Amino acid sequence: MSVQFSLAEAAAFLRGHDNYLILSHRRPDGDTVGSCAALCRGLRALGKTAWLYPNPQFTPRFAPYLDGLVGWPDLRPPFGGCSNEGGGGQGSGRPTACVISCDVASRGLLPFGMEDAAVELALDHHGTNDGFAARTHSDETRAACGELILELLSLLGVRLDKEMGEALYVAISTDTGCFRYTNVTADTFRCAAACMDAGAEIFPINRVFFEAKRRPRLALEAWLVEHMEYFAQGRVAVSAIPQALMERLQLTEDDIDDISGFGRAIEGVDVAVMLREVEGGKGKISLRCSPAFNAAAICAKLGGGGHPGAAGASVEGGIPAARTAILKAIGEEIEL
Ligand SMILES: [Mn+2]
């Protein structure tokens, strides 16, 4: 069972150890990338050795925030717990990595290649965090993991710089749909203001993450509008993106980063479902709900989790099985 840590205890842990390898989650989003990047820079500012695990699913859009942080050339694989030894230790002389994670809610969401890692400290904001790490600080009142990383850096005495501020702004703005979702609090704005005070230039970030779309993305939106299925007098909207469509339209992961919320933009829709085919022939379900429904509770029925407004799950059997499973789960909440 995981030991629950306050943010102050998490800060003391980070101060007391070294040689950090920081894990982002599978299918990384702006929050996990921005949180990991800012924490990595902050730990380095304290004189620690810190690296980001090269998550094989990092996409080009995040490259500016990852520059110089990815890899772990001077650390040993993280399967033996924390170590503070410097050079000259066992084996190759490299210290064993002390693994921490940001925004990872369960072991199944650890990045490919780190499925079995012994995670010493999980920093998270998912109410559904399953305690996969030895120690956990998870605060579901935070709109983004980036909010708690900001406070953690402050507890550690790190002075926020422009790079950290921009990474945290990416984290906070993307997890709130640019400050539009129900998870936004007054603290969310105070955090964004702190990022700007540190020198973050937010216009280019907002342009990349919330405005600019490549033409293949627009073609996808046209296809989705045409193929959307509606249930419950239009309160439930279901879309699917088959892999063949991804290929035909030459869509990249960056193109569809925020597509899960597409159906929710339609007036009258309370429950929006987006289905995709992912690794191993699985069907990935993304659910976005108005406050009338709890997305995390619905996805939990299928072994998934997340937040009340946004959650996900994966099921065997591709899109058809995912469609059947999620319609059954939603059907228990509202007559379809
Ligand atoms: Mn998050």
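Biologist: Which residue in S12 stands opposite Gly 306?

Modeller: The model is a predicted one. In it, S11 and strand S12 (residues 310–315) pair in the antiparallel sense over 2 bridges. Strand S11 covers 305–306, and the residue that stands opposite Gly 306 in S12 is Ala 311.

Biologist: Which strands stand at the edges of the sheet that contains S11?

Modeller: This open sheet has 6 strands and mixed pairing, in the order S7-S8-S9-S10-S12-S11. An edge strand has a single partner strand, so one side of it is left without a neighbour in the sheet. The edges are therefore strand S7 (229–231) and strand S11 (305–306).

Biologist: In the sheet with the order S1-S6-S5-S4-S2-S3, what is the bridge partner of Leu 21 in S3?

Modeller: That open sheet of 6 strands has parallel pairing. Its edge strands are strand S1 (3–4) and strand S3 (50–52), each of which pairs on one side only. Strand S2 (residues 20–23) runs parallel to S3 and is joined to S3 by 3 bridges. In S3, the partner of Leu 21 is Trp 51.

Biologist: At what angle to S3 does helix H2 run?

Modeller: Helix H2 comprises residues 30–45. The helix lies across S2, S3 and strand S4 (98–102), and its angle to S3 is about 160 degrees.

Biologist: Are H4 and H5 roughly parallel or roughly antiparallel to each other?

Modeller: Helix H4 (residues 145–155) and helix H5 (residues 162–175) pack with their axes 7 Å apart, at an angle of about 150 degrees. Angles over 145 degrees count as roughly antiparallel. H4 and H5 are therefore roughly antiparallel.

Biologist: How many nonpolar residues does the contact of H4 with H5 have?

Modeller: Residues of H4 in this contact include Ile 149, Leu 150 and Leu 153, and those of H5 include Met 164 and Leu 168. By class, the contact has 1 charged and 1 polar residue, and the number of nonpolar residues is 8.

Biologist: How many polar residues are on the side of domain 1 that touches domain 2?

Modeller: The domain assignment gives domain 1 (3–209) and domain 2 (215–331). Their contact takes 12 residues from domain 1 and 10 residues from domain 2. On the side of domain 1, 3 residues are nonpolar and 1 is charged, while the polar residues number 8.

Note on methods:
Residues are numbered from 1 along each chain as its sequence is written. This is a predicted model: local features need pLDDT of at least 70, side-chain atom pairs count only at pLDDT 80 or more; totals for chains, interfaces and linings use all residues. Two strands pair if DSSP finds at least two bridges between them. Helices (H or I, at least four residues) and strands (E, at least two) are DSSP runs, numbered from the N terminus. Domain bounds come from an automatic or database domain assignment. Two residues are in contact if their C-beta atoms, placed from the backbone, lie within 7 Å. Ala, Val, Leu, Ile, Met, Phe, Trp, Tyr, Cys and Pro count as nonpolar, Asp, Glu, Lys and Arg as charged, and the others, Gly among them, as polar. Axes are lines fitted to C-alpha atoms, for helices over the stretch in contact, and angles run from 0 to 180 degrees between N-to-C directions. Angles under 35 degrees count as roughly parallel, over 145 as roughly antiparallel, 65 to 115 as roughly perpendicular and the rest as oblique.
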